[in-house]
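Reader: I am new to this structure, and I would like to learn how to read its features one at a time. Could we begin with a helix and then go on to the disulfides?

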Amino acid sequence: MELSFKHQLGLVCVILLFPALCNCQEYYTKSRASFYGSPDGYGVSRGACGFGEYGRMINNGSVAAVSGLWRNGAACGTCYQVRCKIAEYCDANGANVVVTDYGAGDRTDFIMSPRAFSQLGRNKAASEKLKKYGVLDIEYKRVPCRYSGNVLFHVQESSNNPGYFAVILLNVNGKYDVTAVELWRKERRQWEPLRRVSGAVFDFANPPKGELILRFQVTYPQGYTKWFYPKTPIPAYWKPGATYDTKIQLN
């Protein structure tokens, strides 16, 4: 069937616009950023995500607290490129940060660790100049996380085998949000949801005895979701503070 010129023109427009529609997440968003103090320039272990010491040291301490991006804790562990726009001082690539905390400031989307904020500058002297501003106009975009190794289940130190179980997912690569975690109840032959208690922490009161079979759901940037099934269960003798390998690696 032959297309009319009008239909051909419409098809060309769709083809030309399609890449832009597909890559809209590549554009930067304008905002503001500040930084908090820490004795060694790293993050803080008491961050709202619940990462503990992992959240303080991850990404060599280049971490940040967010407010509008928080999304009820789904932002925890996600990665962003942040750059300022003062040509005299600002590095063109800026800083890549990992979200580990919640924090709201003077119309800021990011409150960065000192190490992360320093990376906004072209050099050490420029970074010191930027710190004197206190708050900077910035632009940011989400970027894939590049953690090494598989996704991990970290059992929260607050857990108490067998009366209470709380878990955090670590090393979630790519641009995925962890949106749900479920536990298989063998005796009931059904999946039951864990509660997102705060940040990245999911918990379950009175978990079943024996090994724990979990699955987790991620949301893709396009909006659709997918469940992942770890290849090994959490053993029956699980301990608070222990970390278990899911044998799954996300890209």
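Predicted model: local features only at pLDDT ≥ 70, side-chain atom pairs only at ≥ 80, totals over all residues.

Reader: Which residues of helix α4 are buried?

Author: Within α4, which spans residues 124-133, the buried residues are Ala126, Ser127 and Leu130. They cover an arc of only 100° around the axis, and therefore lie on the same side of α4. What covers them includes β3, α3 and β6, while the face turned away from this buried side carries the exposed residues Lys124, Ala125 and Lys132.

Reader: What is a disulfide, and how many disulfides does a search of the whole structure find?

Author: In general, a disulfide is a covalent bond between the sulfur atoms of two cysteines. The search finds three disulfides here. One of them joins Cys79 to Cys145, with an S to S distance of 2.1 Å. Cys79 sits in strand β3 and Cys145 in the loop between β6 and β7, so this pair links distant parts of the chain, 66 residues apart.

Reader: Why is the disulfide of Cys79 and Cys145 called right-handed?

Author: It is right-handed because the torsion about its S-S bond is about 115°. By contrast, the link of Cys84 and Cys90, with -115° about the S-S bond, is left-handed.

Key:
Residues numbered from 1 in each chain as written. Heavy atoms only, no water. Buried < 20%, exposed > 50% of the residue type's maximum accessible area, 1.4 Å probe, protein only. Helix = DSSP H or I, 4+ residues; strand = E, 2+ residues; numbered from the N terminus. Arc of directions from axis to C-beta. Contact = heavy atoms within 4.5 Å. Disulfide = S-S within 2.5 Å.
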